Amino acid sequence: MQASPQQTRPLKHHLWVAFLVVPPIVFMSLFVVYPILSAFAYAFYDWKGLARGEFVGLRNFREVLFGATMAPVVWNAFLHNVYALIALMIIQNGGGFILAWLLYKEPFGFRFHRVAVFVPVVLSTIIVGFLWKLFLNPNFGIINQALYALGLDSLAKPWLGDSSTALGALILANAWHFVGFPALVYLAGMQRIPPEIIEAARLDGTNEWQLLKNIVWPLVAPSTTILFTLLFIGAFNWFEIPYVMVGLDGSPFGTTDVLGLVFYRTAFGNQSASIQNFGMGSALATILFLFIVVFASMLTLWLRRREIQF
Amino acid sequence: MKLTRRILMGAAAGSFLLSTGAAMAQTELTFWSWRQEDKAFYQDTIKKFQEKNPGITVKFETYAPENYATILSTALAAGRGPDVIQVRAYGNLETVATPGYLLALDQQNVPELANFPEAALAAETLRSDGKVYAVPFAMQAQLVVYNKKIFKDNGVNPPKTWDEMMALAQALKAKNITPFANGTATAWQNETIVGGLLSSMLGKEFEADIVSGKANFTDPRFVNALAKLKDISQYFSPNFTGVDYPSSQQLFVAGRAAMFAGGSYEVANFKNQNPTLDLGVFPAPILKAGDQALIATYYDGGYAVNAKSEKKDAALKFVRFLATPEYGTAFTNTLKNLSPIKGIKIEDAITQDVAKLAENSMSYLMLVRFRYQEPGGSVLLQSNVQKMLAGQQTAEQAAADINKGIATYYKPFQK
C-alpha cells in the first residue's frame, strides 16, 4: 500500500519537531536542570572534603545567612552586588539609553559609531578585565599616566588597591564592556516607534527633554523590561570582571567581594587560603538562585505593566 | 541502521582487542599533576623509572592549578581518577584524604619514607588518624631574595638586624632604587611578605607558644612585628596597595628593585625570565643581636596512590621511586626546588643556601597550622595585613581580628 502525501506529512512533521526539540531538552535537563537539583540536594548535607556526610537539614542555610563566620562575608558581598546593580542601572542602562538616542538621531558617522559602541560587548570578558587591569595599573597604567601628563598628580591612585575606588573601578569596567548592549536594544526600541508620533510631538513644540521623557521613554518600555531584568540577574551573578581584576578574595580586604566570588571560594576553595565546602557553597548557590528567580519575576511583572501597546 | 550497528560492534571489538593486548604486556599507570611547567622533567623521570621497571608505563597528565582540585575531586568522587596523584599538603590534603580516596603509606609499603624528615611527613599526614598519605616532593621557604648586582653597585650587604634593614632600604630609596618590589594588591602576597620579613622577629618560641596556647595572636611579639612591617612598607614598590603579584615580579625581574620578600620558588622563576640576574637569599632580619635568624618553611605537597586503583603494586613502585635520593637530587637540580629527601646532592648555589637556611627555620605558620577550618588563618592574616598596610587599621586591630577569627575554633585559645 502506498501512503498518500497527506498521511506521511504529519509523521514527517512530528519527527522533524522531535528532532528539533529533543536534543535541547536532553541537553537542558542534563546540564541545567540536573545540576540545579543536585546542588539543591547537596545543600542539605554535611561534606567531609568531597565525600557526602550525613543529612543536616537546614544547617548550611542557617550558617550562610546567620552563622558567625559566613554571614558577615555573605552580607558584605550582597551589599556590593546591590551597589553594582544600582550603579550599573544608572551608568550602563542609562548610558545605553543616551547613546541610543544619539545614534537614533543619525549624526555624522553614525554607522561607524553604532558598530564602535557594540564592539566591546563582543570581546571576551576575560580580555576586557585584563585590559582594564592594565589601564588601572598604578605605575604604568594609561589612566594614571594620563593624569600625570595633565598635571593632575593628586588624582592618580592605586585604583584597584584603594578600598574607596576598587569597586567603582570594577563597575566602570563592566559598564564599558556592556554599555553597547542596552544601547543597541534601546536603539531598536526607538526605531520601532512610528516616526509620525515623534514628528507630531515636534510639531506640537515639545523640547528634547519632554520628547524623551514623555514620548520616547514610555514607548521603549519593552526594551526597558528586558534590559532591567537582565541587568538584575547579571548584577547578582556578577563574577568574571571581579575575578579577573581583583581575584577570588575580593581584594583589597573584601571591599570588592561579591556573591559570585564568595560562592566560588566556599564551594571550591581558594588555592592560596581556604578549603572546600560543597554543602555551604550549594546552600549559598540555592539561596542566590531563589532570590534571583523571585525578584526577577516580580521585577518583570511590574515592568510589563507599564508597557504600552501601539 | 544495520550498517551503523555493524560498524559500532566492529569498533567495540577492535578496541577491546587492542586494550587487552596492551594490558597483557604492560601495566599502564596514569599520573596527574598541576605542574604543566615541569612536564619535561616528569617525562624524563618516567623514562628512568620505566627503564628500571619494564612492564610498567606511566602516563603523565596535567591540569591547570586553579582547576586541579575541582577536577581531581570530581574524578575521585566518581570512583575514577588516576593511579598516582600529585596532592597538596596540610588542610588541602585533608579534603582528598579524609573521604578515603588515598592509600595510607607506611614503612611497609614504602620503606623510603625513612628518607624524609618528620616535618615533611607531617605535612602529608591526616590529623584524624595520624597516617601518612603521600610522599612529599618539595620544601618551600619564605625569605628575602635580593639582587646581588644592585647591592654591590651600591656598596651594601644583606642586613642582619631590622635596623640595618631599615637603613639599607632608606639608602637605596635615596638613590632612586625601589628597595622592595613587593605589592599587596594580590591578597596572598601579604602572607608571603609576613613570612619573608617577620619570621625572625616572631621566632620559634612564639610558634611553640601558639601551639600550646601559652600565647595567642594578640601577643606583643606578633603585634610589634606587624607594626614593623607597616613601618617598612614605605619602601615597597610605589603605590604598592595597587601593585599585584605579576607586576611586582616584573619589577624585580627587570632589575628595578633590589629585594623581593617572598617564596624560595621565585628564584627559579626570576632566573627563567631574566637569566642575567645574579640573585642571593637571606633570612628575615632579627630584632636584636643574639636572636636567631629564621626563614619560614612549609611543604608543597606529595605523591599519593589512589586507594581505588587496580594497579596499586605498580603505583607503589612508582611512588617509591619518587622517594629515592636519586630522584630528589634530579628534582632539586632540575626544578631548582628543594626536595626534602635526605642525602641529596645540590648543585645550584642558591638552592644550597636555601637548604642551609632551612636547617634553622620556623613553620610558615598560618598554612602549616591554621588552614584546616574556617575562617582560615591565611584568609585572616592576608586580609588584615592588607588592610593594615593600606593604613585602614593599626597593628593592634589587625592582630585582634586575626585572633578573634581563629579563637572561634582553636581550642588552645579558648581557655
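The buried residues of helix α14 of chain A are Phe278(A), Gly279(A), Met280(A), Gly281(A), Ser282(A), Ala283(A), Leu284(A), Ala285(A), Thr286(A) and Leu288(A). A residue is called buried if 20 or more other C-beta atoms, placed from the backbone, lie within 10 Å of its own, exposed if 12 or fewer do, and partly exposed in between. The model is predicted: local features need pLDDT of at least 70, side-chain atom pairs count only at pLDDT 80 or more, and totals for chains, interfaces and linings use all residues. Residues are numbered from 1 along each chain as its sequence is written, while chains are lettered from A and ligands numbered from 1 in the order in which they are written.

Helix α14(A) covers residues 278–305, and its 28 residues should span 40 Å at 1.5 Å a residue, which agrees with the 40 Å between its end C-alpha atoms. The expected span is 1.5 Å times one less than the number of residues in the helix.

Chain B holds 17 helices and 11 strands; these are DSSP runs numbered from the N terminus, helices being H or I with at least four residues and strands E with at least two. The radius of gyration of chain B is 24 Å, close to the 22 Å given by the globule rule for 415 residues, so chain B is as compact as a globular protein of that length. This radius is taken over C-alpha atoms, and the rule is 2.2 Å times the number of residues to the power 0.38. Of the 415 residues in chain B, 48% are buried.

Chain B is divided into domain 1 (22–138 + 300–323) and domain 2 (140–298 + 360–413), with bounds from an automatic or database domain assignment. The centres of the two domains, taken over C-alpha atoms, are 32 Å apart. Their contact takes six residues from domain 1 and six residues from domain 2, two residues being in contact if their C-beta atoms, placed from the backbone, lie within 7 Å. On the domain 1 side, α4(B) gives the most, with three residues.

The contact between the chains takes 38 residues from chain B and 29 residues from chain A. On the chain B side, the largest share, seven residues, comes from α3(B). The residues of this side divide into 14 nonpolar, 19 polar and five charged. Here Ala, Val, Leu, Ile, Met, Phe, Trp, Tyr, Cys and Pro count as nonpolar, Asp, Glu, Lys and Arg as charged, and the others, Gly among them, as polar.
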